[in-house]
Amino acid sequence: MFSIPGASWPYKLNINDLEKEKLSDLYFKFKERSLANFDRVCALKPHLLSEEVYKLATKEEILNHIEKLIGPNINIWSSAFFVKEPHNKKYVGFHQDAPYWQLSSPKVVTAWIAISDSLKQNGCLQFIESSADATKSIHPLDVDDAYSTYKKGLKTTEEDDLISYKQLIPKKYLNNNRYYVELNSGEFSLHDISVIHGSDRNDSENYRIGFAVRYIDSNTFHLKDKNLSE
């Protein structure tokens, strides 16, 4: 088990080898149904569209860990599939979640679930270590209001960066210890909204499929649009 301030990994889902093999099928079947019904892949909040995806997001072994971090009143604020196809140029620039999400409290934890093996060569998640005090520092974005800017469809990062805006993180933080969060299919990591994280492009022959679920406590709401938390 690895642990840094605000993050820990790997945890294991309580599933057998056959179920692990079917995890990728869960995504590809969801993708097929999504294209058939909506003419697009609904990668955001898929737990609202699929009972199988919802069951994965609410597995007891995940919620038990979440409860230890934010208490027993747990809501799913959001979820998303993060898929990198083989030899895909897309990457995720280093960032913290807090300034993007604009939530009312720090009682927010992401479980990043490996649907397929997530390894260094196919662009696994990376964490940058900070001291316990440094994790309280939330660095600003290069836009005044991420919510309003996102609704306008604006982007300030490079085309291949899956993050929309640049975060002004001092180099002294980016030069800290970097961890490649390698997860086998059926494992997951946990991180809070202060942890600096990102991922490289997929240079391998294999898919990298992750399912991220964002859990909040029942008193946390979106500062710009409270209805987003209901």
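I began with strand β3, which gives the most to the lining of the largest pocket, with six residues. Strands here are DSSP runs of E of at least two residues, helices are runs of H or I of at least four, and both are numbered from the N terminus. A pocket is an open set of points on a 1 Å grid over the protein atoms alone, where a 1.4 Å probe fits, with protein on both sides within 12 Å along at least five of seven lines; lining residues have an atom within 4 Å of a point.

I noted that this is a predicted model, in which local features need pLDDT of at least 70 and side-chain atom pairs count only at pLDDT 80 or more, while totals for chains, interfaces and linings use all residues. Residues are numbered from 1 along each chain as its sequence is written, and side-chain values use heavy atoms, with hydrogens and water left out.

**Pockets**

I looked up the volume of the largest pocket, which is about 1400 Å³; a volume is the space filled by probe spheres set on the points, which are joined across faces, edges and corners. Its lining has 41 residues, and L44, A80, F82, Y150 and R214 lie nearest the centre. By class I found 23 nonpolar, 11 polar and seven charged residues there. Ala, Val, Leu, Ile, Met, Phe, Trp, Tyr, Cys and Pro count as nonpolar, Asp, Glu, Lys and Arg as charged, and the others, Gly among them, as polar.

The second largest pocket holds about 390 Å³ of space. I found 13 residues lining it, with E19, K22, L23, L26 and E52 closest to its centre. Helix α1 gives the most to this lining, with seven residues.

**Salt bridges**

How many salt bridges does a search of the whole structure find? I found six, each a side-chain nitrogen of Lys or Arg within 4 Å of a carboxyl oxygen of Asp or Glu.

I then looked at E52 again: E52 forms a salt bridge with R33, with the closest N and O atoms 3.9 Å apart. This pair links distant parts of the chain, E52 in helix α2 and R33 in helix α1, 19 residues apart. E52 is partly exposed at 46% relative accessibility, and R33 is partly exposed at 38%. Buried means under 20% relative accessible area, exposed over 50%, and partly exposed in between, with a 1.4 Å probe and protein chains only.

E51 and K55 also meet in a salt bridge, at 3.6 Å from N to O. They are four residues apart in helix α2, so about one helical turn separates them. I noted both E51 and K55 as exposed.
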